[in-house]
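Please consult the sequence and the model alongside the text.

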Amino acid sequence: MYTNRLITLQLIKMAKKTNKNTWELAPAPESSGHIDLKKQYELFIDGRWVAPKKKKYFATTNPANEKKIANIAYADESDVDLAVAAARKAFDGVWSKIAPSERAKYIYRIARIMQERSRELAVIETMDGGKPIRESRDVDVPLAANHFFYNAGWADKLEYAFPTKRAEPLGVAGQIIPWNFPLLMAAWKIAPALAAGNTVVLKPAETTSLTALKLAEIIEEAGLPPGVVNIVTGHGDTGAAIVNHPDVNKVAFTGSTGVGKIIQNAIAGTNKKATLELGGKSANIIFADAPIDQAVEGIVNGIFFNQGHVCCAGSRLFVQESVAELVIKKLKDRIGTLIVGDPMDKNTDIGAINSKEQLGIINKYIKIGNEEGAEMYQPSCNVPSKGYFCPPTLFTNVAQSSRIVQEEIFGPVLAIQTFRTIDEVIQKANNTPYGLAAGVWTDKGSRIFNLTTKLRAGVIWANTYNKFDPTSPFGGYKESGFGREGGLHGLSAYVKLV
Amino acid sequence: MKRLVIQKTYKIYIGGKFPRTESGRYYKLESNDGSAIANVCLGSRKDVRNSVVAARKAVGGWSGKTAFNRSQILYRIAEMMEGRSEQFIEELIAQGFPKSRAREEVKESIDRVVYYAGWCDKYVQVLGSVNPVASSHFNFSVHEPMGVVGVVPQENSPLLALVSLLMPCIAGGNTAVVLASEKYPLSAITLAEVINSSDVPGGVVNIITGKLTELLKPLSSHMDVNGIVGSGLDEENKMLIQKESVANLKRVFIYNQDWQNEEGKGLYYIADLQEVKTTWHPIENIGGASSSY
């Protein structure tokens with residue numbers, strides 16, 4: 001993500017050292033002039049925009065300047081009831097009945113319109129969530145469209161996906177998504193559900209509802225039958241109403257392990273199927289023979305991509321002792337060049353923390369790290385005075401038992417440990433209740449295969465990190481949740497085999 | 001003078017050994033006519049915990065064996081069962097099974113073991129994938145064992161249900177802690193003896209006899225058990241397993257199956273107890289001068 005600008009930035013840094021007249025990149029803000037946002041958003045139920053029964057709304061704000069963007073409908077149980085009823089009606093009446101090839105065509109349409117409206121989606125994503133426009137533009141939005149495009153084609157080919165079995169849809173899928181990749185997570189959830197013939201009630205996170213509502217507009221534009229996709233906005237209780245609704249057949253949730261457990265508990269004794277995509281504390285392991293400069297880029301991409309608001313973030317760094325000093329020095333140099341600031345600026349590397357609440361959590365962990373005796377490093381950077389920002393933060397001198405090593409922070413905070421032997425690092429890397437992802441950096445092929453076999457995590461990035469693709473299954477071991485999203489394996493979460 | 005028969009002490013099976021329950025308790029197993037068959041171990045939660053420790057220890061070795069080797073070992077289990085089939089049948093009859101059903105149960109169980117023996121070195125190929133990602137990476141997904149799995153077969157099918165749940169579990173490289181049928185425990189213990197003489201490393205399969213009401217909770221709530229698989233459980237026990245599994249997000253699969261048909265076996269019973277792991281690696285410079293083939 002950052003590679004292209006590395007050399008430029010290092011030149012700038014050199015210039016800074018040699019020249020008193022420091023020069024910096026001129027602001028390059030993306031304009032939001034072409035964006036059409038309403039003052040108030042209703043619920044998208046049964047193909048129509050309806051006001052919440054209780055007429056309650058909440059504000060969504062831009063975390064980079066704390067300004068209110070719009071009012072969002074706050075759905076309660078009765079609204080969720082309507083949405084589930086609409087989804088049920090659409091499932092029984094249309095979606096499970098029409099030819100799978102027709103289903104595919106609807107989903108292709110969604111993908112295409114998303115591509116057409118990609119700039120608008122990217123700008124809104126950044127305004128509402130705080131992520132750098134470069135990431136919304138180059139990662140979130142194109143990947144989201146690609147998920148629809150990829151899954152569309154499965155609709156009429158399911159018999160090839162599950163040999164000897166017939167794949168039938170589950171019914172109404174209740175889907176609850178987080179605020180770190182709002183549109184992308186909506187796509188991960190909705191696309192395979194629709195392809196397999198399910199209908200959907202989706203709730204976006206309360207701080208990032210806008211792109212899901214824009215997606216609802218796109219779905220309207222694509223002419224999907226009413227009720228096939230319903231978007232209900234709200235807070236945790238809205239999500240709980242979806243999970244607990246007796247007519248929901250499938251619950252798909254991405255979020256914290258804590259809430260994941262509440263959901264697993266809530267659906268115990270029911271026949272609801274669940275996919276839980278939960279937290280992580282992923283290890284990024286650097287061996288002495290690794291291409292060090294590339295590895296440093298991988299470390300930066302692993303933990304500072306999307307402000308570290310990534311469930312699979314490489315938040316635990318393990319560096320082989322013989323190169324630890326060098327790697328840490330290079331890492332410090334590198335993060336000194338990261339630009340923290342206006343997410344709408346195309347040069348920004350680290351945007352705004354998604355919410356005041358999340359900034360509070362990150363700061364709490366930074367405090368804990370310091371109190372536990374770890375050594376903190378933050379580069380000096382001009383953080384905007386308005387909005388929620390956190391500089392890239394490194395902790396060295398941490399113990400395996402440190403809370404900043406064991407607990408998910410979900411921010412730009414990296415805990416650095418060292419190791420000597422392979423056995424040691426495997427043990428340390430696996431010593432966590434989580435098991436979402438891991439990174440391995442080495443030039444030795446046999447070592448990569450050794451590690452990818454022994455690391456207990458659902459995604460292993462070897463000599464790369466934080467790569468995603470619609471064809472590639474994603475999901476965790478252990479307390480990082482169960483079920484996969486993406487690829488052939490992601491489909492199986494939305495079908496019953498008969 | 002009539003020769004006095006040697007009666008067998010039925011014990012539990014943990015870590016490749018046959019200890020008595022650490023609790024020292026037992027329950028009387030009687031035949032239909034009320035005559036005593038055996039004093040069976042009334043296993044305790046400590047036995048469950050010891051089993052999980054043994055099962056965890058065995059995960060690395062068992063999942064690290066070649067798939068081909070696991071296949072041969074499962075086939076060996078079937079061979080041993082065949083040799084002991086009369087004993088299995090007699091025990092079932094002694095516990096009150098009709099003769100014909102006892103024969104069927106044993107025959108189907110042996111065939112099921114052979115069925116899963118054949119899957120050991122095939123399911124990864126069938127279930128795995130190379131994923132055509134839209135970037136210059138080689139990306140593949142393979143199935144890996146979940147780890148330690150609790151196995152809770154239904155009461156009324158003491159051998160076939162057990163084998164139908166256990167074999168896909170261990171064929172896939174997992175290790176197991178099995179709660180034997182309370183009413184018909186002998187088949188499970190004899191199976192343990194078979195397993196013990198079939199080159200299955202100690203700890204891969206652990207079998208405890210006792211009361212479901214006592215053992216199900218410690219098994220389902222154990223933080224070092226990765227999944228629970230069961231069949232024919234009532235709503236109350238199903239709920240108990242699912243609630244207790246929340247603590248460490250166990251994967252729970254409870255099947256409505258009597259296992260006496262073709263639907264009682266298949267690839268997807270193996271797949272349920274697997275994790276999917278996806279590995280990415282960059283591919284050097286696609287489209288270079290040498291790529292024109």
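How many salt bridges are there between chain B and chain A? The count is three, a salt bridge being a side-chain nitrogen of Lys or Arg within 4 Å of a carboxyl oxygen of Asp or Glu. K165(A) forms one with E263(B), with the closest N and O atoms 3.4 Å apart.

The model is predicted: local features need pLDDT of at least 70 and side-chain atom pairs pLDDT 80 or more, whereas totals for chains, interfaces and linings use all residues. Residues are numbered from 1 along each chain as its sequence is written, chains are lettered from A and ligands numbered from 1 in the order in which they are written, and side-chain values use heavy atoms, without hydrogens and water.

**Interface.** Contact (heavy atoms within 4.5 Å) links 39 residues of chain B to 44 residues of chain A. The buried area, i.e. the accessible area (1.4 Å probe) lost on putting the two parts together, summed over both, is about 3100 Å², with 52% from carbon and sulfur atoms. L249(B), Y268(B) and W280(B) supply 24% of the area that chain B buries against chain A, more than any other three residues.

**Helix pair.** The axes of α2(B) and α4(B), lines fitted to C-alpha atoms over the stretch in contact, come within 8 Å and cross at roughly 165°. The two helices (DSSP runs of H or I, at least four residues) are therefore roughly antiparallel (angle over 145 degrees) to each other.

| Helix | Residues |
|---|---|
| α2(B) | 67-83 |
| α4(B) | 99-119 |

Definitions and conventions: Axes are lines fitted to C-alpha atoms, for helices over the stretch in contact, and angles run from 0 to 180 degrees between N-to-C directions. Angles under 35 degrees count as roughly parallel, over 145 as roughly antiparallel, 65 to 115 as roughly perpendicular and the rest as oblique.
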